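Please look over the sequence and the model shown here before reading on.

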Amino acid sequence: MVLISGAAILVALLIAGWGLASALEGIVTRGLDQRLDSEIAVLASAVDGRGAVDRGRIAQRRGLLEPEPGWRWRIAGPDGMIGSGDFPPLLPPHPPGPDGGPPPALPPGPAPVPSPVDQPHPADGHTEQGVRVHARQITIPSLRGPVTITAAAPRAVVARPIRAALVPLLAMLAGLGALLAAASLIQLRLGLRPLRRLREEVAAIRTGERARVDEDQPAELRPLATELNALTADSERALAAARASAANLAHALKTPVATLALDLAGDPPRAEQVARIDATIRHHLARARVQLGASRSSTALRPAMDDLAHAIARIHADRGITISAEAAEDVSVAMDAHDLDEVAGNLVDNAARHARSKVSIAATAEGRQVRLCITDDGPGIPEADRIRATQAGARLDERGDGHGFGLAIARELAELHGGELILDEAPGGGLVACVLLPRAAAKE
């Protein structure tokens, strides 16, 4: 829109400049024609009825006939031609007749009484040096034949005032164009301000700061705001139904699976399969809980990580694993505390199971996201196996007691919240697992 507006303004200004230049040229040319016609009138006053020229009278008015260098005049009559010595050739040399041909000759017999019936007409030409001239010419009858009077001036007489007028005029047009372009840009920004505000409100809904968008919008955006609120309400209902279904399923399966695990406690192979079933159920329940939309809850990161580090450190206390957590006090994530526990808990537990002595948790805010990194000093994961390690059920180390769902759950929950999981080599060896999570808006 800005480019189209700018192009339209440029074309309009070019047309306006061309039109003004043409109008100025016409005005200046008419003024020059009046001056040349005045010279012709002075020259014509020196010609009597027989076509004779009063040279003394012309000499008295020589300063009027050649006011500036390049101004020329000429009288061609029965007695010959007088005037400026370097008078340029003109086209046409004589005014045309009624049919476009040469002027009609005087009829034979007594010469008619002079009658100034002719009017001055333009007759431009150029000098031998190529300098263009603008001339006016008139042919008057006399008793001894026609007398042609011509007055000419350099074409630059027209060009100079036009240039002098166009320079400030073009500067004004350029300023006007800049002003119009700025006005168009301001108008566009003002016109799009409600749309930007609506976008910010939608982003605030996603981060949990708002529950609805403001429907007090311009007429063009009001139906969109209404539909967005309806969509938000539908998503809330669907999300609530999905959470309820997941809770019901978890409640229905928890007791049978726990009973089956107790019954098979003395049968390690079957107990291992039951534990695998339990991990699979937890994995799909975690997906069902958030697959219909991002959570609009807000969870403070620092206390959640402190609790998580303390709990998992107790689980792996027999191996002497130390877990440290570092996060700013004012950083929160836009997700449910249970979802955060699923994401971070799986990553921290996976790191603790493979670490030699320590695991560190660090969280930093990056714009609208939070980067949560868990680093261990274990063997790490080769780069070629990192993608496979985040697939559900994939186990790179069959000697451990895991079921291959920890990294997959963390990755899928992060992606469902608009983030991602990144596995990389830690400085000094080991694995660093960084997950990007949506940052919650600061509460005022």
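How many helices and strands are there in the protein chain? The protein chain has ten helices and 13 strands, where helices (H or I, at least four residues) and strands (E, at least two) are DSSP runs, numbered from the N terminus. The model is a predicted one, in which local features need pLDDT of at least 70 and side-chain atom pairs count only at pLDDT 80 or more, while totals for chains, interfaces and linings use all residues. Residues are numbered from 1 along each chain as its sequence is written, and side-chain values use heavy atoms, with hydrogens and water left out.

Of the 444 residues of the protein chain, 35% count as buried; buried means under 20% relative accessible area, exposed over 50%, and partly exposed in between, with a 1.4 Å probe and protein chains only. Among contacts (heavy atoms within 4.5 Å) between residues at least 6 apart in sequence, 65% join residues at least 24 apart.

We turn to the strands. Strand S1 (residues 72-77) pairs with strand S6 (residues 147-154) in the antiparallel sense over five bridges, and two strands are said to pair if DSSP finds at least two bridges between them. Within this pairing, Arg-72 has Ala-152 in S6 as its bridge partner. S1 is also joined to strand S2 (residues 80-83), by four bridges and again in an antiparallel run; S1 and S2 form a hairpin with two residues between them, and Gly-77 is bridged to Gly-80 in S2.

S8 runs parallel to strand S10 (residues 358-366), to which six bridges join S8, and Glu-326 has Ala-362 in S10 as its bridge partner. S10 in turn pairs with S11 in the antiparallel sense over eight bridges, one of the bridge partners being Gln-369 in S11 for Glu-366. S10 and S11 form a hairpin with two residues between them, and in the turn Gly-367 has a positive phi of about 70 degrees. S11 then pairs with S13, also in the antiparallel sense, over seven bridges, with Leu-372 standing opposite Val-435 in S13. In a regular strand the side chains alternate between the two faces of the sheet.

The structure holds one cavity of 30 Å³ or more, and the largest cavity has a volume of about 40 Å³. On a 1 Å grid over the protein atoms alone, a cavity is a set of points where a 1.4 Å probe fits but cannot get out, and lining residues have an atom within 4 Å of a point; grid points are joined across faces, edges and corners, and the volume is the space filled by probe spheres set on the points. The lining consists of Leu-347, Asn-350, Ala-351, Ile-374, Asp-376, Leu-431 and Ala-433. Helix H8 (337-354), strand S11 (369-376) and strand S13 (431-438) are the elements that give two or more residues to this lining, and H8 provides the largest share, three residues. By class, five of the lining residues are nonpolar (Ala, Val, Leu, Ile, Met, Phe, Trp, Tyr, Cys and Pro), one is polar and one is charged (Asp, Glu, Lys and Arg), the others, Gly among them, counting as polar.

Two single residues complete the picture. Asp-330, in the loop between S8 and strand S9 (332-333), is exposed, with a relative accessible area of 62%. The C-alpha atoms of Asp-330 and Arg-302 are separated by 8.2 Å, although these residues are 28 residues apart along the chain.

Technical notes
1 Å grid on protein atoms, 1.4 Å probe; cavity = no way out; pocket = protein on both sides within 12 Å on 5 of 7 lines; lining within 4 Å.
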